[in-house]
Amino acid sequence: MNIIIDVKEQDLNVEVKVCGEIDAYTAPKLRERIYSYSEKQGIKMVVDLSDVNYMDSTGLGVFVGVFKNIRANNGELKLINLSERLKRLFEITGLADIIDITSKIEGGI
């Protein structure tokens, strides 16, 4: 399965739309595409996962790494539009208590 990653950046706001599956094959592509944004001071990143139907532990690892980096640089990460399956994955790993996965963003940047 392939992955499509669309990134829109405006000032310190980054909107990421991910389509496909996030697994051991595609997670490195996702990390490569979004990690550099997490190194910017005060970045606000919103990742729309509405078109992601599967994610494994490598995908979680990408988001944990990006989250830690954004947090270290006084920024914010929000994951939006998760399927029930993805929400459950974040909940059972305890990441739902750390990463904001409930926010819905109206409109775009």
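Trainee: In the hairpin of β1 and β2, which residue takes a positive phi?
Mentor: D11, with phi near 55 degrees, in a hairpin that has two residues between the strands. Strands here are DSSP runs of E with at least two residues, helices are runs of H or I with at least four, and both are numbered from the N terminus.

Trainee: Before we go on, what kind of model is this?
Mentor: This is a predicted model, where local features need pLDDT of at least 70 and side-chain atom pairs count only at pLDDT 80 or more, while totals for chains, interfaces and linings use all residues. Residues are numbered from 1 along each chain as its sequence is written, and side-chain values use heavy atoms, with hydrogens and water left out.

Trainee: Back to D11. Is it buried or exposed?
Mentor: D11 counts as exposed, because its relative accessibility is 65%. The cut-offs are under 20% relative accessible area for buried, over 50% for exposed, and partly exposed in between, with a 1.4 Å probe and protein chains only.

Trainee: What about N74, what is its phi?
Mentor: Near 60 degrees, again a positive value in a residue other than glycine. N74 sits in the loop between α2 and β4, and N74 is exposed because its relative accessible area is 60%.

Trainee: Where is N73 found?
Mentor: In the loop between α2 (57-72) and β4 (76-80). N73 counts as buried, because its relative accessibility is 16%.

Trainee: Which residues is N73 in contact with?
Mentor: Leaving aside neighbours within four places in sequence, N73 is in contact with S38, E39, K40, Q41 and G42. Contact means heavy atoms within 4.5 Å.

Trainee: Switching to K44. Which strand does it lie in?
Mentor: K44 lies in β3, residues 44-55. K44 counts as partly exposed because its relative accessible area is 39%. Beyond neighbours within four places in sequence, K44 is in contact with L12, N13, V14 and E76.

Trainee: How many Å separate the C-alpha atoms of K44 and N2?
Mentor: They are separated by 26 Å, with the two residues 42 apart along the chain.

Trainee: Now the whole protein. What pattern does it follow along the sequence?
Mentor: The pattern is β-β-α-β-α-β-α. There are three helices and four strands.

Trainee: What is its radius of gyration?
Mentor: The protein has 13 Å, which agrees with the value near 13 Å for a compact globule of 109 residues. The radius is taken over C-alpha atoms, and the globule rule is 2.2 Å times the number of residues to the power 0.38. The C-alpha trace spans about 30 × 30 × 25 Å along its principal axes.

Trainee: How much of it is buried?
Mentor: Buried residues make up 42% of the 109 residues.

Trainee: And which share of the contacts with a separation of 6 or more comes from residues 24 or more positions apart?
Mentor: Those residues account for 70% of such contacts.

Technical notes: Two strands pair if DSSP finds at least two bridges between them.
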